[in-house]
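Hi,

Here is the structure I promised to pass on to you.

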Amino acid sequence: MDEYDIQDLYLWIDELPLSRPKRNITRDFSDGVLAAEIVHHFLPKAVDLHNYQPANSIVQKTTNWTTLNNKVLKKIGLTVPNNVIQGVASQKPGVIEVVLNNLRLKLQQHLAPPRAQVEVGGGLDYDGNEAEEYDMPPPPPSRDPPRRKKKNGSTLPPLGNRSSTMPPQRRKAPRPPAPQSRNGGLSGAYYAPAPPPPRDNDYDDLAAELEECHEQMSVMQIKIEKLTRLVHLKDKRIEDLQRSVRAQR
């Protein structure tokens with residue numbers, strides 16, 4: 001995590017209604033109580049805050065984190081190793097930031113639409129390396145037509161030779177003859193046949209495209225929120241620098 005990621009994480013924590021203000025994040029989150037409050041804020045039914053009591057001893061801090069890890073975090077896809085729990089409980093610098101950043105990503109994935117979760121990202125491992133991140137949703141399943149079976153059990157080729165890249169050619173309906181006048185010539189008015197009703201496949205394709213658009217909008221909304229926090233962070237940094245410049249004059 002670089003400086004901007006850490007500052008963005010601090011800004012996200014400041015926006016949450018926690019029971020204690022953030023003064024020293026390594027010390028404040030060492031007993032697991034505030035981490036449980038973060039999960040309870042987004043998933044109230046997933047956490048019973050009475051199970052987590054403020055503690056000063058490393059033993060009780062480890063117990064709180066172990067309980068949170070086994071009963072809550074694993075249900076949203078986040079597993080904190082025991083050595084990391086020991087590092088958080090003993091207030092090892094730089095460990096709690098990685099844990100909270102992964103917690104934030106898992107909460108975003110858990111609250112995002114199911115097929116848009118892959119866009120949120122994989123977070124960081126506990127060595128500070130970026131985990132694998134996916135930019136595109138998985139391809140849709142193949143729509144090749146099923147093979148027919150003979151009565152004796154053998155397989156016939158599928159109906160029509162559908163190409164993997166080109167849609168099947170539609171057989172055009174014969175065009176009705178133009179109306180003729182009484183003397184055998186063509187009449188001046190010609191009425192084209194009504195268009196055929198849409199097929200079920202066309203409706204399914206449109207529904208799939210609409211669903212994909214909704215998923216992309218959800219993913220973009222998450223990215224917009226993150227960029228908005230970064231802009232707010234930079235504005236705050238600029239104001240601090242301006243105050244320091246005025247103070248030196």
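Below is what I found, from the whole chain down to single residues.

This is a predicted model, so to speak of local features we need pLDDT of at least 70, side-chain atom pairs count only at pLDDT 80 or more, and totals for chains, interfaces and linings use all residues. Residues are numbered from 1 along each chain as its sequence is written, and side-chain values use heavy atoms, leaving out hydrogens and water.

The chain has 7 helices and 0 strands; helices (H or I, at least four residues) and strands (E, at least two) are DSSP runs, numbered from the N terminus. Of its 249 residues, 26% count as buried, where buried means under 20% relative accessible area, exposed over 50%, and partly exposed in between (1.4 Å probe, protein chains only). Among contacts (heavy atoms within 4.5 Å) with a separation of 6 or more, 51% are between residues 24 or more positions apart.

Let's start with helix H1, residues 3-14. Its 12 residues reach 16 Å from first C-alpha to last, close to the 16 Å expected at 1.5 Å a residue; the expected span is 1.5 Å times one less than the number of residues. The buried residues of H1 are Asp8, Leu9, Tyr10, Leu11, Trp12 and Ile13.

Next comes helix H4, residues 58-71. It has 14 residues, which should span 20 Å, and its end C-alpha atoms are 20 Å apart, so the two agree. Which residues of H4 are buried? They are Lys61, Thr62, Asn64, Trp65, Leu68 and Asn69. Seen down the axis of H4, these buried residues fall within an arc of 160°, so they line one face of the helix; the arc is that of the directions from the helix axis to the C-beta atoms. They pack against helices H3 (33-42), H5 (82-89) and H6 (95-111).

Now for the core. A nonpolar core is a set of buried Ala, Val, Leu, Ile, Met, Phe, Trp, Tyr and Cys residues joined through side-chain atoms within 4.5 Å. The largest one has 32 residues, of which Phe29, Leu100 and Leu103 touch the most other members. H1, H3, H4, H5 and H6 are the elements that give two or more residues to this core. Not counting residues up to four places away in sequence, Leu103 touches Ala35, Ile38, Val39, Leu73, Ile76 and Leu78.

Finally, find Gln91 in the loop between H5 and H6. Gln91 has a positive phi of about 60° although it is not a glycine, and it is partly exposed, with a relative accessible area of 33%.

Best wishes
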